[in-house]
Amino acid sequence: MLEEMGKAARAAAYKLADLSTAEKNQVLMSIADRLEAESADILAANEQDLADARQNGMSAALLDRLTLNPQRLSGMANDVRQVCRLADPVGQLMDGGQLDSGLRIERRRVPLGVVGVIYEARPNVTVDVASLCLKTGNAAILRGGKETWRTNAATVRLIQNALQHHNLPTAAVQAIENPDRELVNQLLKLDRYVDMLIPRGGAGLHKLCRENSTIPVITGGIGVCHIYIDETMEIEPALEIIVNAKKQRPSACNSLETLLIDRAIAERFLPALSARMAQENILLHADENVLARLQQGPASVTLIQPGHYDDEWLSLDMNVKLVADMDEAIDHIRRHGTQHSDAILTRSTQHATRFVKQVDSAAVYVNASTRFTDGGQFGLGAEVAVSTQKLHARGPMGLEALTTYKWIAWGDDTLRA
């Protein structure tokens, strides 16, 4: 089964690579329009997936990720339209020039070919990946989680109908609908046809792919994100940023998980923090150095447990820890972070500059919410993933991250001496 999907995807990729930007944008506009005009099948499938998920005891955070409604579908459609408006990187001249040998050499962006993406309860990923891949002339093989298989299947059918309408192969976007995990293992070995693999899920999925894939893997999407507040920061703007980073969408990978508070600001900051967290219904998990003081306030607070610093809450829970100074804060981030998104709240330019240099994350913020780590917010359009590694792509992966390059040498009957 997967062998045939791979062959078909490879053939489709050759076809896509020959399309002009205008032709690719026409397909994307058709997909966007259909997402709004023909959404009934997707929403019905999503309701079935949600019903099963609730029956199986899925957490509120994952249910939120899984849920689609007309507003979210409209947002997904607008993301596709935004991709249409973005510059097409395929064919861009990166550099080149005339060589002493007489060759005129160029380095141009080209599609990767076939991209495989494995993801969990995020049905919007189906549209994001498809639109970015089509814009860059790549075919896609998608494997969503078993919790979303009906939603993903209905979405891919809509995309394939749009492809067919434009006389393009439906194999340009395919979904593995069978929930059998053995098919994931087969996909990991499909290096003859798949050029890059992106797992979007938990640490277990990432480990499985890194250890078993014969395809180059780009990992990311696990966000144990931190905010460090130093002694120079005012209380009210700090609280606004903290609430936004934690509550704006707690189930997202760029939401705040651990707040690191400089001891020098603790006495005046902790009472205000407790009051605001009580107002926002955020449960605090505090270290022993701050637990007693927070328990004096109105916020719900409990003693942090081993391992909480290393996992995503993806809910209205937040770790709180006192640190002696920025050195301790940076050390904590290095030991427990996932190199996703971390921030400092400060009025000191010196502190900000040092934090940016010393924190080795894909996105580092100064006086801003971590919730901005997103392809749309960074001006990239929809994203295929947020990479937390360093090779090929890092941070939100937009269009350029789905391309490679080739060298083109123009000669005039030129021979090597």
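I started with Asn167, which sits in the loop between H7 and strand E5 (173-175). I took helices (H or I, at least four residues) and strands (E, at least two) as DSSP runs, numbered from the N terminus. This is a predicted model, so I kept its limits in view: local features need pLDDT of at least 70, side-chain atom pairs count only at pLDDT 80 or more, and totals for chains, interfaces and linings use all residues. Residues are numbered from 1 along each chain as its sequence is written, and side-chain values use heavy atoms, with hydrogens and water left out.

I looked up the backbone of Asn167 next. Its phi is near 60 degrees, a positive value in a residue other than glycine. Is Asn167 buried or exposed? Asn167 is exposed, with a relative accessible area of 68%. My cut-offs: buried means under 20% relative accessible area, exposed over 50%, partly exposed in between (1.4 Å probe, protein chains only).

I then went to Asn281. Asn281 lies in the loop between helix H11 (263-280) and strand E9 (283-286). Phi of Asn281 is near 60 degrees, and this residue is not glycine either. Asn281 counts as exposed, at 60% relative accessibility.

**Val194**

I moved to another loop residue. Val194 lies between helix H8 (182-188) and strand E6 (196-200). Val194 is buried, with a relative accessible area of 2%. Which residues does Val194 touch, not counting residues up to four places away in sequence? I listed Arg10, Val114, Val115, Gly116, Ile141, Leu187 and Ile215. Contact here means heavy atoms within 4.5 Å. I also checked Val194 against Met1: the two are 193 residues apart along the chain, and their C-alpha atoms are separated by 14 Å.

**Cores**

I looked at the nonpolar cores. Such a core is a set of buried Ala, Val, Leu, Ile, Met, Phe, Trp, Tyr and Cys residues joined through side-chain atoms within 4.5 Å. In soluble globular proteins, nonpolar side chains tend to be buried together. The largest core has 54 residues. Leu35, Val117, Leu134, Ile198, Val384 and Met397 touch the most other members. Helix H6 (residues 124-135) gives the largest share of this core, 7 residues. A second, separate core has 35 residues, among them Ala238, Ala245, Ile282 and Ala286.

I followed Val117. Leaving out residues up to four places away in sequence, Val117 touches Val125, Val129, Ile141, Leu142, Arg143, Leu197, Ile198, Arg200 and Val384.

Val129 is in helix H6. Val129 is buried, at a relative accessible area of 0%. Beyond its neighbours within four places in sequence, Val129 is in contact with Val117, Ala140, Leu142 and Val384. Val129 and Leu142 are 13 residues apart in sequence, and 8.5 Å apart in space from C-alpha to C-alpha.

**Helix pairs**

Axes are lines fitted to C-alpha atoms, for helices over the stretch in contact, and angles run from 0 to 180 degrees between N-to-C directions. Angles under 35 degrees count as roughly parallel, over 145 as roughly antiparallel, 65 to 115 as roughly perpendicular and the rest as oblique. A crossing is left-handed if the near helix is turned anticlockwise from the far one by less than a right angle, and right-handed if clockwise.

H5 and H6: the axes of helix H5 (residues 70-85) and H6 come within 10 Å and cross at roughly 15 degrees. H5 and H6 are therefore roughly parallel. The crossing is right-handed. Met76, Asp79, Val80, Val83 and Cys84 of H5 make the contact with Asn124, Val127, Asp128, Ser131, Leu132 and Lys135 of H6.

H3 and H7: the axes of helix H3 (residues 40-55) and helix H7 (residues 149-165) come within 7 Å and cross at roughly 165 degrees. H3 and H7 are therefore roughly antiparallel. H3 passes H7 in a left-handed crossing. I noted Asp41, Ile42, Ala45, Asn46, Gln48, Asp49 and Asp52 in H3, meeting Trp149, Arg150, Thr151, Ala154, Thr155 and Leu158 in H7.

H13 and H14: the axes of helix H13 (residues 326-336) and helix H14 (residues 349-358) come within 11 Å and cross at roughly 25 degrees. H13 and H14 are therefore roughly parallel. This crossing is right-handed. Met326, Asp327, Ile330, Ile333 and Arg334 in H13 meet His351, Arg354, Phe355 and Gln358 in H14.
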